[in-house]
Amino acid sequence: MSTHSEQPLPNTLMRQLVALPRVARSLAQDLRAVLRLASTAWHVIRGVYVVAVLFPGLSIDQQHEHIRRWSHQVLGALGVTLRANGLPAAGAKMLVANHVSWLDVMVLHALCPQARFVAKSEVKHWPLIGRLVVGAQTFFVERAHPRQTRRAVDAITAALLGGATVAVFPEGTTSDGHGVLPFRSSLLQAALAAGVVIHPVALRYADAHHRVSRSPPYIADVTLLSSLWRTARAERLVVHVSVLSAHAPTAADRRSLALALRATIQAALA
């Protein structure tokens, strides 16, 4: 009686079989990302309508509630979970945060919808997004022109004296999320001049695979479209927001203040 031993599968077929679960998972991620981006686009279009048509007839508190709700909706559409630790003080204040992604504005608006941001002047000309940032009473500045920066500082100072909340990203650009780039101090002068408290805010994005996610950072040669795609494709993306203890305004110069705020945020991220 003869016996037949099982013949091993060819190596190529084995590799293909092993790869099947990875391919299926990748396709599922792609499909989910497409659905997330479609939902996000709908919220952006709806947000532009609210700002252009409804805002003029709403009270300030109603506008802020729309901003808060819209920010939560966009984060949810992209699959981003917000986890916050701490709350900013009431009244006039400056929020000083590290900068990782275009998501940062929505993250801070979800927690503090009355915050007014500072952006480069060309943002106001972006399709759709420009209308949103103008509607949110953003301050615009041309960093290459010192006189324009001084005007922005004067405008921010006046807003703070009037009881506003202003959020700034003193790095002046985005980082990879692992650390904090050197702070530019010019905009901090407004908080010192107005005598308002300053809250350092630490932002960290994590996902299912990394303590610091590689998906949200909008850096180097990454385009906005590729950043959107990577963010929408991320698994279990969570943004951790730590609103740290307020720094009272002192007679310290703005450069010393910038160093102290940066060290505080860096320590929180570490």
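1. Leaving aside its neighbours within four places in sequence, which residues is leucine 95 in contact with? They are Pro88, Cys112, Thr165, Val166, Ala167, Val168, His199 and Val201, where contact means heavy atoms within 4.5 Å.

2. This is a predicted model, in which local features need pLDDT of at least 70, side-chain atom pairs count only at pLDDT 80 or more, and totals for chains, interfaces and linings use all residues. Residues are numbered from 1 along each chain as its sequence is written, and side-chain values use heavy atoms, leaving out hydrogens and water.

3. Leucine 95 lies in strand E2; strands (E, at least two residues) and helices (H or I, at least four) are DSSP runs numbered from the N terminus. Leucine 95 counts as buried because its relative accessibility is 3%; buried means under 20% relative accessible area, exposed over 50%, partly exposed in between (1.4 Å probe, protein chains only).

4. The largest nonpolar core has 36 residues, and Leu103 and Leu108 have the most contacts inside it. Such a core is a set of buried Ala, Val, Leu, Ile, Met, Phe, Trp, Tyr and Cys residues joined through side-chain atoms within 4.5 Å. Elements that each supply at least two residues of this core include helix H1 (11–54), helix H3 (103–111) and strand E6 (197–206). A second, separate core has 29 residues, among them Met94 and Ile198.

5. Beyond its neighbours within four places in sequence, leucine 108 is in contact with residues including Phe117, Phe169 and Leu203.

6. Isoleucine 129 is in helix H4 (residues 129–135) and, at 33% relative accessibility, counts as partly exposed.
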